Amino acid sequence: MNWIGLVGARGHVGAELIRLLATHPGFELGFVSSRELDGQRVADRVPQFASELRYRNIAHEALGDERVDAYVLALPNGKAEQCIAAIEAGNPDAVVIDLSADYRFDDAWYYGLPELTRSGYSGQRRISNPGCYATAMQLAIAPMRDLVAGPVQCFGVSGYSGAGTTPSDKNDPDKLRDNLMPYALTGHLHGREVARHLLPVEFMPHVAPHFRGLTVTANLHLREPTTLDAVRQRYRDRYDGEPLVDVTDEAPWVSRIAGRHGAQVGGFSLTEDGSRLVVVSTLDNLLKGAATQALQNLNLAFGHDEFEGIPTR
C-alpha cells in the first residue's frame with residue numbers, strides 16, 4: 001500500500017481525486033490538506049470516502065514532515081515552489097504530482113500526458129500534470145503533427161468549474177447565464193504549454209454556463225492534401241488500445257463527456273481540396289483534464305496498471 005498526501009483539497013479537482021483514491025486498491029490517503037476545511041471530516045464532503053480522515057491545515061513549509069509516498073499538489077499556479085522546497089528537504093524520495101502549471105515548462109520534470117508521453121517515463125519522481133485545455137488540444141492535433149503547416153487555431157469552450165472555486169466573473173452562474181465569455185485570447189498559458197510540448201497553436205478560450213466539460217475545435221492547415229479516410233485511419237491507429245481516448249466520426253458533444261474519465265476526438269471535416277482539417281476534442285476538465293490524469297501518473301510512478309482505479313467506460 002502506498003500513502004498519498006493531497007495538498008489543496010478544497011477545490012473541485014481535489015474532491016474528484018479523493019473519490020478516485022477511495023476505491024483504489026493500491027493507494028491510501030495519508031492526509032488531505034485544506035486551510036478552509038481544517039478539522040472537517042472528508043466523508044462529510046465526499047461521501048464516497050468511507051473513513052474518519054479529517055482535513056488538516058498543513059503549512060507548506062511543513063509538508064516534508066509528512067510520511068507519505070507521494071504528494072499531489074492541487075494548488076493555484078505559483079504556489080508549488082515552497083511545497084517542493086519543503087518536500088525536497090524532508091521527504092526527497094517521495095513522488096510529487098503537480099497539477100498547476102508551475103513545472104510544465106521545466107525539463108527536469110516529466111510531463112505526464114501518458115497517451116502521448118508515457119514512452120518518456122523512466123521512473124521520474126517529479127511529474128507535472130498537463131492542463132485540461134492543453135490535454136484536449138494535444139490529443140486533437142498529435143496524430144497529424146507531421147502534416148501540420150503553421151500554427152493550429154484552437155477555439156475552446158469550458159464549463160465554469162475550470163475557473164476554480166475563488167469567486168470571479170468566470171465562475172459566476174448569473175453572469176454566465178445565456179452568455180459565452182471570452183478571456184485570455186492571446187498568450188493563454190495552455191496555448192504556450194502546447195507550443196512547448198507539441199507545436200504552436202493560436203488558442204482562443206471561452207467560458208460557458210455549464211459546470212464541467214470542455215470542447216476544443218482545432219483548425220489544422222496541412223502541408224499536403226489528404227483524404228477523410230486517411231485522417232480517420234491516422235487517429236484510429238494513434239489511439240488504438242487507449243481506453244481513455246475514443247475516436248468518433250461525429251463531432252463529440254461536451255454534454256456527453258461530463259462525468260466521464262476519458263476524452264473524445266472526432267468530427268473530422270476536410271475542405272474540398274483536402275488542405276485544411278477541422279477536428280473536435282472534448283473531455284471533462286476535472287477528470288481527464290486533471291484528477292484522472294493525475295491518477296494515471298500515480299499508477300505509472302508506482303508500477304500499477306496505468307488505468308487501475310479508473311472507470312474506462
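Student: Let's start with Y183: is Y183 buried or exposed?

Tutor: Keep in mind that we're looking at a predicted model. A residue is called buried when its relative accessible area is under 20%. Y183 has 19%, so Y183 counts as buried.

Student: Where does Y183 lie?

Tutor: Look at the loop between strand 9 and helix 7 (189-197); Y183 is in there. Sequence distance and spatial distance are separate things to check: Y183 and H206 are 23 residues apart in sequence, yet their C-alpha atoms are 5.9 Å apart in space.

Student: Strand 9 came up just now. How many strands form the open sheet, and in what order?

Tutor: Seven strands, in the order 9-10-8-11-14-13-12, with mixed pairing. At the edges sit strand 9 (181-182) and strand 12 (245-248), each of which pairs on one side only.

Student: In what sense do strand 8 and strand 10 pair?

Tutor: Parallel: strand 8 (residues 152-158) and strand 10 are joined by seven bridges.

Student: Now the cysteines. How many disulfides are there?

Tutor: First the idea: a disulfide is a covalent bond between the sulfur atoms of two cysteines. To count as one here, the two sulfurs must be within 2.5 Å. By that rule the count is zero. Take C154: the nearest cysteine sulfur belongs to C132 and is 13 Å away, and C154 is in no disulfide. C154 has a relative accessible area of 0%, so it is buried. C83 is buried too, with a relative accessible area of 0%.

Student: Last one, helix 9. Where does helix 9 bend?

Tutor: Helix 9 spans residues 287-301, and the bend is at Q293, by about 35 degrees. Cover is another thing to check on a helix: 14 of the 15 residues of helix 9 are buried, which makes it mostly covered.

Student: And what follows helix 9?

Tutor: Look for G303 after the helix: its phi is positive, near 80 degrees.

Terms used
Residues are numbered from 1 along each chain as its sequence is written. This is a predicted model: local features need pLDDT of at least 70, side-chain atom pairs count only at pLDDT 80 or more; totals for chains, interfaces and linings use all residues. Side-chain values use heavy atoms; hydrogens and water are left out. The bend at a residue is the angle between axes fitted to the seven residues ending there and the seven starting there. Helices (H or I, at least four residues) and strands (E, at least two) are DSSP runs, numbered from the N terminus. Buried means under 20% relative accessible area, exposed over 50%, partly exposed in between (1.4 Å probe, protein chains only). Two strands pair if DSSP finds at least two bridges between them.
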